[in-house]
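Please keep the sequence and the model at hand while reading.

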There are 2 protein chains.
Amino acid sequence: MAFSSLKKSDSVGSTPHRKQNHPNKRKPFSKMQLLGSALGALVIAAGVTASQSNSRSRGKNTDSQPQFNASSGTRPLVHLTPNKGWMNDPNGLFYDSEASIWHAYYQYNPNDNVWGLPLYWGHATSEDLTVWEDHGAAIAPQNDESGAFSGSIIIDANNTSGFFNDSTKPAQRIVAFYTEHNATTESQYAAYSLDGGFTFEQYEHNPVLDIGSDQFRDPKVFWHEESERWVMTLALSQEYTIQIFTSENLKDWELQSNFSHHGILGYQYECPGLAKVRVERDIPLNVTSNGKTNLTTQDDGAEYKWVMFLSINPGSPAGGSVNEYFIGDFDGKTFTPQDSAARIVDHGKDFYALQTFTNAPNGDTIGIAWASNWDYCAFVPTEAWKSSMSIARNFTVRPYNPNPQSTELNLYSTPILNSTDLQTKRYLKKSSLEIGADEALKYNLGNDAQGLLEFTATWKVNGSSIPSVGDFADLSFWFTGKEDDDEYLRLGYAVNAAGFFVDRGNTDVDFVNDNPFFNNRQTQNIETYKIGTDGLPIYKVHGIIDRNIIELFFNDGSSTSTNLFFLSDGNYIGGVEITAGVEGVFTILDFEIKQLARK
Amino acid sequence: MAFSSLKKSDSVGSTPHRKQNHPNKRKPFSKMQLLGSALGALVIAAGVTASQSNSRSRGKNTDSQPQFNASSGTRPLVHLTPNKGWMNDPNGLFYDSEASIWHAYYQYNPNDNVWGLPLYWGHATSEDLTVWEDHGAAIAPQNDESGAFSGSIIIDANNTSGFFNDSTKPAQRIVAFYTEHNATTESQYAAYSLDGGFTFEQYEHNPVLDIGSDQFRDPKVFWHEESERWVMTLALSQEYTIQIFTSENLKDWELQSNFSHHGILGYQYECPGLAKVRVERDIPLNVTSNGKTNLTTQDDGAEYKWVMFLSINPGSPAGGSVNEYFIGDFDGKTFTPQDSAARIVDHGKDFYALQTFTNAPNGDTIGIAWASNWDYCAFVPTEAWKSSMSIARNFTVRPYNPNPQSTELNLYSTPILNSTDLQTKRYLKKSSLEIGADEALKYNLGNDAQGLLEFTATWKVNGSSIPSVGDFADLSFWFTGKEDDDEYLRLGYAVNAAGFFVDRGNTDVDFVNDNPFFNNRQTQNIETYKIGTDGLPIYKVHGIIDRNIIELFFNDGSSTSTNLFFLSDGNYIGGVEITAGVEGVFTILDFEIKQLARK
């Protein structure tokens, strides 16, 4: 995403004007303000320069904060963050089957902890998609006034591009496509790597695609087996159009179709991506026992469906950034959605620019998103670095009941949290918990908590005991700070609102209390997980909390919610308290929680 | 909207279970809880019964709180509220051209201040769409376990129904259509009025339409001149389908088409409505001087477009309830949208179930929405009554630039605030205000403030002075309580987020601080109002604040935001303070504010 594309008329200017406190402001922004700028200066001093930053050795940023440090403030343990500087969209995601390594690149500003030009591709690797090593800048823009904007990587095993010779193994013939952005033009560049993705050579005849537009970006390329062509999706951002091009040699691209004016439009389209996703049909439907099943959306029994991912910013109905998706079919030239509905990948505030990995094993479709929101990303209270990615997710498509009377094909997300570098420090499992309205179940997760938790809760709602509409009938999980439990993250479900809530507003952190774009509460509708043998509805949530980010997966991933939250430095989540607003309505069938740590 | 349709599995039960405080809860819900229930009991005691409530005299509710009372807590002055009890969707909106009276009906529970069965149609009238008189219940359900759910009213001037004779003037041949809801069925009923809309007779052969569904509701009927037929739109709620029926006699209805799986789906479709809306083309485009104009959506130069309104609950991307719209064409049988985009009528949290008036003069399309959200409507801190309607809005369709590179047909909303019962107590107009980063412009709106304000602000952004991304560069309007200015409503625009925010979280009211579904901040993208002669972007907002509700209209109504807010009892907005986060970026071209009062 190009910050400067947010509003051409308001585009980022030159010298900053320092902000003073307003005598009449109850909560001055000064702390938040000065932190950002002072740090910026500090990072520049230690930072790499445009010319230096594209060398591999420099890219390692040995002078910067290590990727993992138990005492490094709010830095997540299993969410990719840059060692230092600014990060936004994930780029060039691919799996190297030769080296068995996952590669993630990202929009990177090594010279400040906020977005700015020159903008690079940063680079990180992982053996398990859970624990990451950051390597710093991998691709540099053409000059200090331009940016190597978002794009993707493919494996040109058959050397259709001619960029390679036999000295490069087929599985490591890595070609990157990205948008070279400058003040007047956004054109598409190609670069290739001869060292497994750590450094890149520019294609000598760049750009490979230039239509003279200044709002034309984010190439996602993949190989379409059926038509034996390379396919590139690009956003004509301000025309709300995804253009689909094809090529035989990765150099010459032919426009095949436009996918235009679908879904929520907002200000502009960004980061489109078309992925082939496995359809799973052998899972029982969630509420069929409660209603008739009529598959109202296209389901031709195909083994795979094509999913078009699309990012919108600004202009999310919830404010700022949002990631949409469309399920349909693709014939190599045209994408045909199953219907005209607008569907959202993640209902939290902090999930944007989702991209899927090239060459993931077993035909899996695995993706990572940027876990922040352009409404407030520049002000989040981290210092040496800013922004993290989401955890990796494995996507499938399944028939699903959004309500008792329809069945739709729906995107499912399964988080990937599995590393030999992780150990379980505390484990707790409880079953058949009845909670009185005047009690709380309290669990201490240990004072050695590093802020990484995984939990699953499954609960039943006793319809015959549901209180009147005027009673607030909630089941709440209060995740409390280990140093100060007056700071907490509250999650819960309420019967009469029939929804789930995340409340991240209970903290002493100035940014949370003061920034008028950072809202405290997200709520979303969740459908029943299944109907129990006793006919009562059962709900399920699986959550991962990693220091300053929580990712929730409802009903095995039929909907998700990713949100940043901030407690005071070092006050990681160290306990959980479960309460019920009313008597006899909720039975917690299972509650399981793990406190995890890096070895 | 049917509360019980929220979740069949979680539907409203019998005896309430009182909620206790949790010893570990920082902010117990007790106050909010007990208020709702205690009041419920109180209202029941004084309330009308199912059998009594359908008589006109009883309907006047002489025992209840008057519609206007300067000291009646947070009751708005120019937003329709029920004298007592519960209100949700607007129903049966029409203009009586014979008596020159506007009629608004609404979903009404006279027996409690929360939703519940039996549910009635309440009734209110106005001479100016600004000041309302409530008359209590007008249509009763069949029994105490059923509800007269949402619907509409038409004028059967030519007596196509045969319900009337010459004793009823053509302009007052009023026929209501609504959904009779019971535990097993939702079918469509007709009723007619022989006394100008105050009482109704049931059609003897009801229902007029019953397809055996329990999720089939909210009939909106209108006369389609071109095909000389009555048209009814209905929601097959859980199948995400709007069904379009036609009739010649208002009794026999024939299915013509389905409008299915468009826009945001959420849990279900509700309150569809098709309206013929005037297209205005003689207004200069907002940012054309800043980019090319290419009308990317259908614009055939027609004088009118057809707009399909649709309500979704739960499942708004922002949480809970939301109102969508689609612009297109209608041939009397089928609605064809201009594209597959999902567009939202109002970006606030409190705007739902929008309905347009039948028979508005001059071919105007005027509508009213319910100004609350099912996520928290049962808990808002009002007592004798709960919920208000939005202010009436006049809708048009205009070409508009959502960004510099596209032009779309877009819905525009103009608020109607004009009554001889209103007087201006204070008036202030300022021009060309430059605000330093270390100063605040403070205006006292008077200690006699009754909480009703109208304001307009137009400001310019000086692109050459825009600070770095790391600075929070806001223009903020702090509307402060007259009794306690530590309680305030904050609105503003921030350059680097390129968005507008509403912060309603700065209050001592327990509901606001405690209810996890009531979020503090809404943000939205707003496009430039126009480009000044100096090439700088200009933004504009017009606002109406009425005690506990604020409605914002951006750029003459290209987007709007309606939100409830709650200060302590009697602490109406009495002052405004304007601040700028940075030096030299913002120039307020005009700021105009009126403190209004009821005579």
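Over all chains, the count comes to 46 salt bridges, a salt bridge being a side-chain nitrogen of Lys or Arg within 4 Å of a carboxyl oxygen of Asp or Glu. The model is predicted, so that local features need pLDDT of at least 70 and side-chain atom pairs count only at pLDDT 80 or more, while totals for chains, interfaces and linings use all residues. Side-chain values use heavy atoms, without hydrogens and water, residues are numbered from 1 along each chain as its sequence is written, and chains are lettered from A and ligands numbered from 1 in the order in which they are written.

| Salt bridge | N to O distance |
|---|---|
| Lys276(A) and Glu226(A) | 3.1 Å |
| Asp448(A) and Lys425(A) | 3.7 Å |
| Glu577(A) and Lys442(A) | 3.6 Å |

Glu577(A) lies in strand E35 (residues 573-580) of chain A and Lys442(A) in strand E25 of chain A, so this pair ties together parts that are 135 residues apart in sequence; strands are DSSP runs of E with at least two residues, numbered from the N terminus. Glu577(A) is buried, at 4% relative accessible area, whereas Lys442(A) is exposed at 55%, where buried means under 20%, exposed over 50% and partly exposed in between (1.4 Å probe, protein chains only).

In chain B, an open sheet of 4 strands has the order E9-E10-E11-E12 with antiparallel pairing, two strands being paired if DSSP finds at least two bridges between them. Its edge strands are E9 (216-224) and E12 (254-260) of chain B.
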